[in-house]
Structure formats: C-alpha cells, structure tokens
Amino acid sequence: QHPDDVDLIWSMGDPRLDGQPPQDRWQAVQESVRGSMWFHDFRGRIKGAVLTAAQSNLGKGLNLVCIKGGPITNLEQQEMNTIANQVERQLEEIKVRTRITLEFVSYATFAREFP
C-alpha cells in the first residue's frame, strides 16, 4: 500500500461513514478510491496491458473480460470503458484500428469459459 493511501475509505462499512445514507457512503468510497495512488497505478497498469495486447493482435478485435465482484471491482469496471477508448485513440494515432469490446461475467462463467 502506498503511504499516501493510509487514510482512504475503502469500504461502505468504514466507521467514518456511520450515519450516512448508502448513496452518500458509496459516493465517499468512490471519491476516496479514485483519488488514491493505488487506483492511479491500477489504471496505468491496465491501460499498458490492454495496449500491449492490442498491439500484438493488430487488425483484430480485442475482447476484455471483466469478472463481476464487489464495490471496488465495480469501480474498476467503470474505468474499463474509458481505458479501452483511450487505447483505441492511441492506436488510431499510429494508424492502427482495433475494436476493443468489454464483457462482464460472473466468476463461475469466467471459470467455465476460460479454464
């Protein structure tokens, strides 16, 4: 964990959120996590991995499979469309057209389809 991320609100059950309605708690978690060094690093690593995969499949589509999970996983998945669009734009700048699609599946589906 990055030293700057010590005081983050990672969970809706964080005692600092006691007494707040669920939507306000979720908003606080999202803002806290999105502002973290961890999330910044996550976005950069995922974007790099997607860019590498797309470049190794030039001219072919790329399907990103996201496994459904809890609140933080949902927050990560909210970023995936933005990351995919950024990678597509970067590739277009070097005259490479690649269509990136997202698929959201349960772990059971993932385990069955990608053994």
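Figure 1. The model is predicted: local features need pLDDT of at least 70 and side-chain atom pairs count only at pLDDT 80 or more, whereas totals for chains, interfaces and linings use all residues. Residues are numbered from 1 along each chain as its sequence is written, and side-chain values use heavy atoms, with hydrogens and water left out. T98 lies in the loop between α3 (71–93) and β2 (100–105); helices (H or I, at least four residues) and strands (E, at least two) are DSSP runs, numbered from the N terminus. Leaving aside residues up to four places away in sequence, T98 touches A54, G59, K60, L62, E88 and L91, where contact means heavy atoms within 4.5 Å.

**Figure 2. Q30 in helix α1.** Q30 belongs to helix α1, which covers residues 22–34. Its relative accessible area is 11%, so Q30 is buried. Apart from residues up to four places away in sequence, Q30 touches L75 and Q78.

**Figure 3. D24 and its distance to M12.** Helix α1 also holds D24. With a relative accessible area of 38%, D24 is partly exposed. Between D24 and M12 there are 9.2 Å in space, C-alpha to C-alpha, for a separation of 12 residues in sequence.

**Figure 4. The protein chain as the setting of the close-up views.** The secondary structure comprises 4 helices and 2 strands, which follow one another from the N terminus as α-α-β-α-β-α. The radius of gyration of the chain is 17 Å, well over the 13 Å that the globule rule gives for 115 residues, so the chain is more spread out than a compact globule; this radius is taken over C-alpha atoms, and the rule is 2.2 Å times the number of residues to the power 0.38. Along the principal axes, the C-alpha atoms fill a box of roughly 50 × 35 × 25 Å. Of the 115 residues, 30% count as buried. Among contacts between residues at least 6 apart in sequence, 66% join residues at least 24 apart.

**Figure 5. Charged side chains of the protein chain.** The chain carries 13 positive and 15 negative side chains, and the centres of the two sets lie 9 Å apart. Lys and Arg count as positive and Asp and Glu as negative, while His and the chain ends are not counted. Each charge is placed at NZ of Lys, CZ of Arg, CG of Asp or CD of Glu.

How values were computed
Buried < 20%, exposed > 50% of the residue type's maximum accessible area, 1.4 Å probe, protein only.
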